Amino acid sequence: MAVLHNDTFLRALLKQPVDYTPVWLMRQAGRYLPEYRATRAKAGSFLELCHNTELATEVTLQPLERFKLDAAILFSDILTVPDAMGLGLHFVEGEGPRFTHPLQHEQDIVHLQVPDMSRLRYVFDAVSSIRQALNGRIPLIGFSGSPFTLACYMVEGGGSRDFRLLKTMLYQRPQLLHKILDINAQTVTAYLNEQIASGAQAVQIFDTWGGILSDAAFQEFDLFYLRQVVSGLQREADGRQVPVIVFTKGGGQWLEQLAALEVDALGVDWTVNLQQARQQVGQRVALQGNLDPLALFGNPESIACEVKRLLAGYGAGSGHVFNLGHGINQFTDPEMVKYVVDEVHRLSVGYHQN
Ligand code: 1CP
């Protein structure tokens, strides 16, 4: 494997000294880039794009050609996992992902099993291929949905506004939901370990829907299973630590408990005050975030102001990875993305003069 030329991202996650604050953006490869839309059209569909090693590699690298990003993220989707469990993922034009066989009845759930990882071979092939194509330029992030966030889609059969079906199960038949979560936790652990074995140099667990839960439900149905996953992860590869990031959207009120997971970093959404968050988590974890993705719809002055505010909020020293507080919006102007990335690099140097 090629020597890693830019390890700023990995160093910041481990709170080791860096020269500037590293930056990458959730969903940095995607519909806001015309070249992504062209490659997706060539692939035929989003799912075919995920299944095609060469094209998945191509779209992963696209944002790196435009912006000086400090990490690449595997191009795939969190819903490949329930698909491998037999739920039948497909996309309805204009409506997003759907499952043919959602988990809504006991008989759907009793037979649920950890899938054979060979069904996700195409993801691991993409990881190896991207890692090779990166040739040591920057590190590659692997990812998975959290057990709970995956369960949201598996029970609802797609996205949802209120998660009524999921919550009906949670309150009426909690043991059924626990069964799904237990299988998901085992699956996510195996899936991330296989990505690490294939070349992922850091992993992020997307807990996108943790924030819909009550405090009590978060502990029982989300945090418990995050802990299971994190404790089963392979934390070293090629003689280097593989940092683990957990991003719970809407999880600002649980930072201390999340920091007590044995993770290296927590992703935070834009509602969180970085200075207060840093005080809360102390030395335990690094923080990743948290520009409002819609701040990119401002102008250069307003964007520079937000970047300055976030960098000053975290303050001096390592342990901050700049990112958005959630995925980039599809109508974002790529010029504004370039501007943010360059401003983070330029303005952060002053916070790292040891
Ligand atoms: O039309 C298209 O081209 C499909 C749009 C799209 C893209 C570009 C989907 C469908 N997924 C992706 C890629 C993707 N998804 C990545 C790629 C790597 C990157 O550049 O960051 C990642 C990390 C994800 C993760 C993902 N998928 C999450 C977690 C992160 C988040 O944004 O909260 C979730 C919740 C999904 C589900 C999903 N996949 C796609 C859509 C539109 C959705 C959301 C569905 C919904 O809740 O309504």
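Residues are numbered from 1 along each chain as its sequence is written, and side-chain values use heavy atoms, with hydrogens and water left out. Because the model is predicted, local features need pLDDT of at least 70 and side-chain atom pairs count only at pLDDT 80 or more, while totals for chains, interfaces and linings use all residues.

## Ligand site

The ligand is surrounded by 24 residues, and the closest are Tyr36, Arg40, Asp77, Tyr153 and His326. A residue counts as near a molecule if one of its heavy atoms lies within 4 Å of it. An N or O atom in the side chain of Arg40 is 2.2 Å from an oxygen atom of the ligand. For His326, a polar side-chain atom lies 2.6 Å from an oxygen atom of the ligand. Asp77 has a polar side-chain atom 2.6 Å from a nitrogen atom of the ligand. On its own the ligand has 900 Å² of accessible area, and the protein covers 88% of that. Accessible areas come from the Shrake-Rupley method with a 1.4 Å probe; for residues, only the protein chains shown count as cover.

## Salt bridges

A salt bridge is a side-chain nitrogen of Lys or Arg within 4 Å of a carboxyl oxygen of Asp or Glu. By this rule the count comes to 12 salt bridges. The table gives some of them.

| Residues | N to O distance |
|---|---|
| Lys42 and Glu58 | 3.8 Å |
| Asp125 and Arg121 | 3.4 Å |
| Glu343 and Arg346 | 2.9 Å |

In the salt bridge between Lys42 and Glu58, the pair links distant parts of the chain, 16 residues apart, with Lys42 in helix α2 (residues 34–43) and Glu58 in helix α4 (residues 53–66). Helices (H or I, at least four residues) and strands (E, at least two) are DSSP runs, numbered from the N terminus. For relative accessible area, buried means under 20%, exposed over 50%, and partly exposed in between, with a 1.4 Å probe and protein chains only. Lys42 counts as exposed because its relative accessibility is 57%, and Glu58 counts as partly exposed at 29%.

Asp125 and Arg121 both lie in helix α7 (residues 121–134); they are 4 residues apart, so about one helical turn separates them. Asp125 is partly exposed, with a relative accessible area of 33%, and Arg121 is partly exposed at 39%.

Glu343 and Arg346 are 3 residues apart in helix α15 (residues 334–348), and therefore are separated by about one helical turn. Glu343 is buried, with a relative accessible area of 7%, whereas Arg346 is exposed at 54%.

## Surface patch

Which residues form a nonpolar patch on the surface? They are Leu294, Phe297 and Phe331, with about 340 Å² of accessible area together. Patches are made of residues with over 30% relative accessible area and no salt bridge; like charges are joined within 9 Å, and nonpolar side chains (Val, Leu, Ile, Met, Phe, Trp, Tyr) within 5 Å. Leu294 belongs to the loop between β10 (286–291) and α14 (300–314). Its relative accessible area is 45%, so Leu294 is partly exposed.

## Single residues

Asn6 sits in the segment before α1 (8–13) and counts as buried, at 16% relative accessibility. Its side chain makes a polar contact of 2.7 Å with the side chain of Thr8 and another, of 3.0 Å, with the side chain of Asp70. A polar contact is a pair of N or O atoms within 3.5 Å; within protein, one must be able to donate a hydrogen and the other to accept it, and residues adjacent in sequence count only if both atoms are side-chain atoms.

Asn323 lies in strand β11 (residues 320–324). With a relative accessible area of 0%, Asn323 is buried. Its C-alpha atom is separated by 25 Å from that of Gln234, 89 residues apart along the chain.

Gln253 is placed in the loop between β8 (244–248) and α12 (255–259), and counts as exposed at 51% relative accessibility. The C-alpha atoms of Gln253 and Asp215 are separated by 8.8 Å, with the two residues 38 residues apart along the chain.
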